[in-house]
Amino acid sequence: EWIVRELNRRAATPAAANIWLKRIRQLLDHGVDLGMINDNPARRVRLIRHKCKGIADWPEDQISIFQNYWKIGARERLAFDLLLYTGQRRSDVVRMARSNIQDGAIRVVQMKTGVALWLPIHPALVVSINATPCGGLYLVETAQGRPFTAAGFGNAFREWCSAAGVGRQFSAHGLRKAAARRLAEAHASVHEIAAVTGHKTLAEVARYTAAADQRRNAEAAISRIGT
């Protein structure tokens, strides 16, 4: 009864409430494993059903707003370009170093999945990297010349977006989605896109590129109709 009551008290923020319930389940599972209790009552409490809006893809006008404010050669612009032209997560971008660049590509081992990627560097990203001063080990570092944590980078990136006038719904992870969308609009296959993003299943890639695929397929379909 207490678990249900506490869950309902948190229901105004369903995602946070569900995370809380999952943690309670884990705690009580541990109690079962230790023999302190015989049953986990939290397992009988259902998660709150809600619709998740997902990560907002950056439209081209928002990309232009950021690029027009932060010019080539600025640390903030390089961080943006690394996200957009590699399609990687912020946890991977903060670990990118010049030593990872070889033969026109950058090598990445994704923090989340452990997937190793070899990514050709887009010409626009080459310009950005070469124009940006780099005094330390990593391509993008704090103002004190230290490596970013993923969370610290996310907070800093939000500030950079606010300074440029970018909408608050657009995040660093949204540029990963924009990268996949751009690839889809350039007629890259789902296998080709997965080779860049490192997604393990094609269903995940399809989720990222659904809007671009729908638009391309609709244009192809309408063009088949005679006058």
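1. Arginine 181 is buried, at a relative accessible area of 8%. Buried means under 20% relative accessible area, exposed over 50%, and partly exposed in between, with a 1.4 Å probe and protein chains only. Arginine 181 belongs to helix H8, residues 172-185. Helices (H or I, at least four residues) and strands (E, at least two) are DSSP runs numbered from the N terminus. Leaving out residues up to four places away in sequence, arginine 181 touches Asp57, Trp58, Pro59, Glu60, Ile63, Thr209 and Ala212. Contact here means heavy atoms within 4.5 Å.

2. A word on the basis. This is a predicted model, in which local features need pLDDT of at least 70 and side-chain atom pairs count only at pLDDT 80 or more, while totals for chains, interfaces and linings use all residues. Residues are numbered from 1 along each chain as its sequence is written, and side-chain values use heavy atoms, with hydrogens and water left out.

3. The largest nonpolar core has 34 residues; Trp58, Phe66, Phe153, Phe157 and Trp160 touch the most other members. Two or more residues each come from helix H3 (60-69), helix H4 (75-86), E2, E3, helix H6 (123-131), helix H7 (150-164) and H8. A nonpolar core is a set of buried Ala, Val, Leu, Ile, Met, Phe, Trp, Tyr and Cys residues joined through side-chain atoms within 4.5 Å. Take phenylalanine 66: its contacts, not counting residues up to four places away in sequence, include Trp58, Phe80, Phe157 and Trp160. They also include Glu76 and Arg77.

4. Another core, of nine residues, lies apart from the largest one; Trp20, Ala42, Val45 and Ile48 are among its members. Alanine 42 sits in the loop between helix H2 (14-33) and H3. Its relative accessibility is 0%, so alanine 42 counts as buried. Alanine 42 touches Ile3, Leu21, Ile24, Arg25 and Leu28, not counting residues up to four places away in sequence. Isoleucine 3 is 39 residues away along the chain, yet the two C-alpha atoms are separated by 6.9 Å.

5. The loop between H2 and H3 also holds leucine 34. Leucine 34 is exposed, with a relative accessible area of 52%. Together with Val32, Met36 and Ile37, Leu34 makes a nonpolar surface patch of about 360 Å².

6. Three strands form an open antiparallel sheet in the order E1-E2-E3. Strands pair if DSSP finds at least two bridges between them. E1 and E3 stand at the edges with a single partner strand each, so one side of each has no neighbour in the sheet.

7. Now the two hairpins. E1 (residues 101-102) and E2 (residues 105-109) are joined by two bridges, with glutamine 102 partnered by alanine 105. Two residues lie between these strands, and aspartate 103 in the turn has a positive phi of about 50°. E2 and E3 (residues 116-120) are joined by five bridges. Here isoleucine 106 stands opposite leucine 119. Six residues lie between E2 and E3, and glycine 114 in that turn has a positive phi of about 80°.

Notes:
Patch = residues over 30% accessible without salt bridge, like charges linked within 9 Å, V, L, I, M, F, W, Y side chains within 5 Å. Areas by Shrake-Rupley, 256 points an atom, 1.4 Å probe, with all protein chains shown as cover. Salt bridge = Lys/Arg side-chain N within 4 Å of Asp/Glu carboxyl O.
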